[in-house]
Amino acid sequence: MFNIPCVIFAGGKSSRMGEDKSLLPFAGFNTLTEFQFSRLSKIFKTVYISCKDKSKFDFEADFIEDVKTTQAFAPTAGFVAIYNELKEDAFFALSVDAPFVGAEEIKKIIDADIKDSDATIAKTEFGVQPMCGIYHRSLQKEFKQMLQTDSHKLGFLLKNSNTTFVNFDDEKPFLNLNHPHEYKEALSLI
């Protein structure tokens with residue numbers, strides 16, 4: 001089991017899906033979030049769920065609600081809340097809509113993480129995967145600043161920080177369920 005805390009980000013807008021993807025049924029679970037929580041709890045000692053409002057979920061878990069902000073669906077609000085809540089120096093962030101990132105990919109990212117990094121993030125041929133990797137407390141101030149200035153570009157933050165990028169040749173584990181056809185594809189794969 002990995003000692004670093006894992007945070008599942010389940011507070012997005014889901015505009016491309018057309019409905020809240022965190023609540024879609026998945027692999028015998030009532031919701032994709034519950035599926036992610038169950039499987040990640042088998043490989044991480046502690047798992048949290050970052051969300052806007054925990055009342056939308058009907059299962060027991062440790063939830064971290066976003067700090068209140070006028071930006072309706074800014075991931076930065078989740079990051080600020082997580083830094084406020086957790087005592088650890090770093091945490092592993094994973095989007096709720098990435099159900100195929102497994103222990104092998106997570107271990108590769110954890111093994112590549114060094115103390116002096118601000119973040120250690122997965123990268124594939126198609127680009128950086130900002131919602132799959134380790135974020136260190138050294139970025140706490142930057143996230144607060146981003147929230148205050150209504151700037152939410154994680155890619156820009158990572159490019160301008162001391163980020164370790166971990167290259168992956170296989171794109172399949174990083175399939176994101178952004179559109180209905182990707183959700184259907186994921187259901188057939190699981």
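**Close-up views of a predicted model**

**View 1. The loop residue Ala27.** Ala27 belongs to the loop that connects β1 with α1 (32-40). In this predicted model, the phi angle of Ala27 is near 50 degrees, a positive value in a residue other than glycine. With a relative accessible area of 36%, Ala27 is partly exposed, because that value falls between the limits of 20% for buried and 50% for exposed.

**View 2. The loop residue Asp150.** A further loop, between α4 and α5 (154-159), contains Asp150. Although Asp150 is not a glycine, its phi is positive, at about 55 degrees. The relative accessible area of Asp150 is 46%, so this residue is partly exposed.

**View 3. The seven-stranded sheet.** Seven strands form an open sheet in the order β3-β2-β1-β4-β6-β5-β7, and their pairing is mixed. From one strand to the next, the twist averages 30 degrees. Strands of a sheet pair through backbone hydrogen bonds, in either a parallel or an antiparallel arrangement.

**View 4. Strand β4 and its two pairings.** β1 and β4 run parallel and are joined by four bridges. Within this pairing, Phe9 has Ser95 of β4 as its bridge partner. The pairing of β4 with β6 is antiparallel and comprises five bridges; there, Phe91 stands opposite Tyr135 in β6. β4 is mostly covered, as six of its six residues are buried. Ala90, Phe92 and Leu94 point one way from the strand, whereas Phe91, Ala93 and Ser95 point the other way. In a regular strand, side chains alternate between the two faces of the sheet.

**View 5. The antiparallel pair β5 and β6.** Strand β5 (residues 119-124) pairs with strand β6 (residues 127-136) in the antiparallel sense, over six bridges. Gly127 in β6 is the bridge partner of Thr124. Helix α3 (residues 103-112) packs on the sheet and touches β4, β5, β6 and β7. The direction of α3 makes about 145 degrees with that of β7.

**View 6. Helix α2 on the sheet.** α2 lies across β1 (6-9), β2 (47-51), β3, β4 (90-95) and β6. Relative to β1, α2 runs at about 155 degrees.

**View 7. The packing of α2 and α4.** Helix α2 (residues 75-85) packs with helix α4 (residues 140-148) at an angle of about 140 degrees, and their axes are 9 Å apart. That angle makes α2 oblique to α4. The crossing of the two helices is left-handed. From α2, the contact involves Thr76, Ala77, Phe79, Val80, Tyr83 and Asn84; from α4, it involves Gln140, Phe143, Lys144, Met146 and Leu147. By class, the residues of this contact comprise seven nonpolar, three polar and one charged.

**View 8. Lys159 in helix α5.** Lys159 is located in helix α5. Its relative accessibility is 70%, so Lys159 counts as exposed. Between Lys159 and Ala77 there is a separation of 82 residues in sequence and of 20 Å in space, C-alpha to C-alpha. Ala77 is one of the α2 residues that meet α4.

How values were computed:
Residues are numbered from 1 along each chain as its sequence is written. This is a predicted model: local features need pLDDT of at least 70, side-chain atom pairs count only at pLDDT 80 or more; totals for chains, interfaces and linings use all residues. Side-chain values use heavy atoms; hydrogens and water are left out. Axes are lines fitted to C-alpha atoms, for helices over the stretch in contact, and angles run from 0 to 180 degrees between N-to-C directions. Angles under 35 degrees count as roughly parallel, over 145 as roughly antiparallel, 65 to 115 as roughly perpendicular and the rest as oblique. A crossing is left-handed if the near helix is turned anticlockwise from the far one by less than a right angle, and right-handed if clockwise. Contact means heavy atoms within 4.5 Å. Ala, Val, Leu, Ile, Met, Phe, Trp, Tyr, Cys and Pro count as nonpolar, Asp, Glu, Lys and Arg as charged, and the others, Gly among them, as polar. Two strands pair if DSSP finds at least two bridges between them. Buried means under 20% relative accessible area, exposed over 50%, partly exposed in between (1.4 Å probe, protein chains only).
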